[in-house]
Amino acid sequence: MSRLPPRSRKVRILATLGPASDTPEMIRALFVAGADAFRINMSHGAHEDHAARIATIRALEKEFQRPTTILGDLQGPKLRVGTFEKGLALLETGAPFILDRDETPGDSRRVNLPHPEIYAALVPETRLLLDDGKMVLRVKAISEDRIDTIVEVGGTLSNRKGVNVPDVVVPVPALTDKDRRDLSFAMQQGCDWIALSFVQRPEDLAEARKLMGGYGSLMAKIEKPSAVQRLEEIIEMADGVMVARGDLGVELPPYDVPPLQKQIVATARRMGRPVVVATQMLESMIKSPSPTRAEVSDVATAVYDGADAVMLSAETAAGDWPVEAVAMMDAIAHSVERDPGYLARLHFTETLPDPTTADALAEATGNIVNVVGASAITCFTSSGSTVRRVARERPSAPILALTPRTDTARKLGLTWGVHAIRTKDIGNFEEMIGKARRMALRHGMAEKGGKIVVLAGVPFGTPGSTNVLHVAAVRGDELKDRD
């Protein structure tokens, strides 16, 4: 066995696995290069392939003695047109075009649209976007089995291309039959987070919550304009959020996405939920060993905004340079976090505490760290809530989370600044301070003569009881004691 030291950066890196990264050797290389968590994309691949990748991650966890986070990303409903007689058709700008319930292959005048929910939701003058927004239709008239449109932006449309409906809420359940099967599989395989696609309203999270039955953590992917309109309600219902910029950029003008990204990140931070910024972060590295300067700035912006994690998609799942992409993201994050103005920028977002003892202590912790020069914050936690409260304040010192629960340690892998360790529970105050010192020394987060801030709850082992804050001096000989 070997032990990697805690990451010296606070933002986390989430890497998607796929054909380019499905061998144990490659997954290990991604982990060593800086990946803190791995995304299993249920939109592609068979369950047996995903199971093999998950087994590899768990083997790495044992090898490096570090709880490692796995996110199972559900596909969600996919709205698509039918087929064409010739496999494709040219839609001319300004020409009429019909979508209907007729399953006969289409042509340049019409095509099948097998989604009754769309017919029910549309109103005249709303838009339909085809093939990731490459073509735009303006709705003129709707009946139960026919939609008359005018082509505003034309192009060549081929079989089963996607349809986006940006201007209305489509009454489509966020979970399909495939998603339910994938969710069951992800839970059986021990995925720590479940990401739910196509979230339009807080109610969309209810079925997934029910099926999960208290298992794992639920992440809402914000990829629909309708979700942004009810953002706080959705975040309140979720354990975390993902800014899915690819789909947002299809349904919204591209220039609207950056301010929305900042709004979503800031709102999630204020509400104490981990937030992941995703999609096309280092897109050119799918084929190139180096990114564009604009992509580097894009990743840096997410780090400056205080995102908990930044995600790589096709760069690591299907790209030619997966390890280099992770290493580049790691280097960008380190560069930003070395900026003397980094922490000040993080605190542009105000995170007001709730009137609770736990929130009061979490807020005080950051100030105490700065005043006494503490090198680490050690949190004893069962559910992880104490750690998340402290991380919300974005303190200058790293957070060492000590928990007796493996599932808690794994879920914290997407939380800013946290290094989580599974360890035996504590029984009294003296044991708490001794263990905090030893674990901080053992993991390189404290040195002889330094100070650490310790947070815990009394009675020990009771979730949600954080009520103790203590500053401890590290002697340097604590590792001679038995753990």
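The model is predicted, so local features need pLDDT of at least 70 and side-chain atom pairs count only at pLDDT 80 or more, while totals for chains, interfaces and linings use all residues. Residues are numbered from 1 along each chain as its sequence is written, and side-chain values use heavy atoms, with hydrogens and water left out.

**Stop 1: strand β3.** Select residues 69–73, which form strand β3. Helices (H or I, at least four residues) and strands (E, at least two) are DSSP runs, numbered from the N terminus. Five of the five residues of β3 are buried, so the strand is largely enclosed by the rest of the structure. Buried means under 20% relative accessible area, exposed means over 50%, and partly exposed lies in between (1.4 Å probe, protein chains only). Show the side chains: Thr69, Leu71 and Asp73 point one way, and Ile70 and Gly72 point the other way.

**Stop 2: the neighbours of β3.** Two strands pair if DSSP finds at least two bridges between them. Asn41 stands opposite Asp73 in β3. From β2 the chain passes through α2 to β3, a right-handed β-α-β crossover. Right-handed means that, with the strands pointing away from the viewer, the path from the first strand over the helix to the second runs clockwise. Gly72 has Ile194 of β12 as its bridge partner.

**Stop 3: helix α2.** Select residues 47–64, then Arg58 and Glu61, which lie three residues apart in this helix, about one turn. Their side chains meet in a salt bridge (3.3 Å, N to O). A salt bridge is a side-chain nitrogen of Lys or Arg within 4 Å of a carboxyl oxygen of Asp or Glu. Both residues are buried.

**Stop 4: other salt bridges.** How many salt bridges does a search of the whole structure find? The search finds 36. Select Arg109 and Asp107, whose side chains meet at 3.2 Å, N to O. Arg109 is exposed at 57% relative accessible area, and Asp107 is partly exposed at 24%.

Then select Glu203 and Arg230, a salt bridge at 3.5 Å, N to O. Glu203 sits in the loop between β12 and α5 and Arg230 in the loop between α6 and α7, so the pair ties together parts that are 27 residues apart in sequence. Glu203 is partly exposed at 46%, and Arg230 is partly exposed at 29%.

Finish with Arg7, Arg9, Asp36 and Asp330, which salt bridges with shared partners join into one network.
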